[in-house]
Amino acid sequence: MKCPFCSHGESRVVDSRESGGEIRRRRECQGCERRFTTYERVRARTIQVVKRDERREDFDSSKLWDSLTKACAKRPLPVEAIQKIVDDIESDAGASGRAEIPSRSIGEAVMSRLRALDRVAYIRYASVYRDFKDIETFREEIDALMEPSSAQRLSSNQLTFLEDQPLLPRKGRRRRSGNAQADTS
């Protein structure tokens with residue numbers, strides 16, 4: 001394991017613990033004697049991403065993380081929200097049972113999640129992903145965003161997916177209080 005501080009090639013494991021689906025190892029560099037932590041995850045199999053030009057490469061969640069953090073830069077979004085998108089897409093890709101996934105599918109999944117999370121981050125991501133050729137295409141995308149769906153009109157909070165409460169109030173019969181007065185709220 002290469003030391004992140006001095007790039008020395010040898011380190012010794014000081015502590016090793018299993019944590020969920022990964023192994024946490026505390027290491028000490030044999031060169032500079034500084035300590036650092038590594039995490040190891042078992043990969044069941046590698047998923048190949050099929051690019052637009054038909055090239056194939058391994059799915060890399062760090063590339064997804066990088067693109068999302070760029071799109072969400074200087075936005076009032078918690079890091080956990082971005083990590084949730086990365087984790088969800090990675091688990092969906094693994095659960096699909098397919099050995100190859102088109103990059104288009106990943107991009108569309110990211111955009112649908114970003115659209116619900118933050119519209120500015122969505123436009124930033126879409127402008128790179130869809131490679132807008134002119135200002136008119138860009139404007140069409142913004143105009144489509146400005147026409148909120150009925151679900152978006154009911155909820156002005158862009159981060160509601162993080163809460164454990166349902167987005168809309170449950171429909172059903174209300175209970176009346178002890179006497180038979182009508183609820184005037």
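**Note on the predicted model: sheet, helix crossing and salt bridges**

1. E2 and E3 are antiparallel partners, joined over seven bridges. The hairpin of E2 and E3 has five residues between the strands. Within this hairpin, Glu33 has a positive phi near 65 degrees. Keep in mind that this is a predicted model.

2. Now the other pairing of E2. Strand E2 spans residues 22-29 and pairs with E1 over eight bridges. The sense is again antiparallel: E1 and E2 pair that way, and so do E2 and E3. Ser11 has Cys29 of E2 as its bridge partner.

3. Taken as a whole, the sheet is open and has three strands. Their order is E1-E2-E3, with antiparallel pairing. Which strands form the edges? They are E1 (11-19) and E3 (35-41), each of which pairs on one side only. On average, neighbouring strands are turned by 25 degrees against each other, direction ignored.

4. Next, the helices. H1 covers residues 61-71 and H3 covers residues 103-117. Their axes come within 12 Å. The crossing angle is roughly 35 degrees. H1 passes H3 in a right-handed crossing.

5. Which residues make the contact between H1 and H3? H1 supplies Leu64, Leu68 and Ala71. H3 supplies Ile106, Val110 and Leu114. By class, the contact has six nonpolar residues, no polar ones and no charged ones.

6. Turning to charged pairs, the model has 18 salt bridges by the rule used here. The general point is simple: side chains of opposite charge can pair when their charged atoms come close.

7. Glu141 and Arg130 form a salt bridge, with their closest N and O atoms 2.8 Å apart. Are the two partners buried or exposed? Glu141 counts as buried, because its relative accessibility is 12% and the cut-off for buried is under 20%. Arg130 is partly exposed, at a relative accessible area of 34%.

8. Lys133 and Asp131 make another salt bridge, at 2.7 Å from N to O. Lys133 has 70% relative accessibility, so the residue counts as exposed; the cut-off is over 50%. Asp131 is partly exposed, with a relative accessible area of 40%.

9. A further salt bridge links Arg139 with Asp143. The closest N and O atoms of this pair are 3.9 Å apart. The rule asks for a distance within 4 Å, so the pair qualifies. Both residues lie in helix H5. They are four residues apart, about one turn of the helix. Asp143 is partly exposed, at 36% relative accessibility.

10. Some salt bridges share partners. Which residues do they join into one network? The members are Lys51, Asp53, Arg55, Glu57 and Lys63.

How values were computed: Residues are numbered from 1 along each chain as its sequence is written. This is a predicted model: local features need pLDDT of at least 70, side-chain atom pairs count only at pLDDT 80 or more; totals for chains, interfaces and linings use all residues. Side-chain values use heavy atoms; hydrogens and water are left out. A salt bridge is a side-chain nitrogen of Lys or Arg within 4 Å of a carboxyl oxygen of Asp or Glu. Buried means under 20% relative accessible area, exposed over 50%, partly exposed in between (1.4 Å probe, protein chains only). Helices (H or I, at least four residues) and strands (E, at least two) are DSSP runs, numbered from the N terminus. Axes are lines fitted to C-alpha atoms, for helices over the stretch in contact, and angles run from 0 to 180 degrees between N-to-C directions. A crossing is left-handed if the near helix is turned anticlockwise from the far one by less than a right angle, and right-handed if clockwise. Contact means heavy atoms within 4.5 Å. Ala, Val, Leu, Ile, Met, Phe, Trp, Tyr, Cys and Pro count as nonpolar, Asp, Glu, Lys and Arg as charged, and the others, Gly among them, as polar. Two strands pair if DSSP finds at least two bridges between them.
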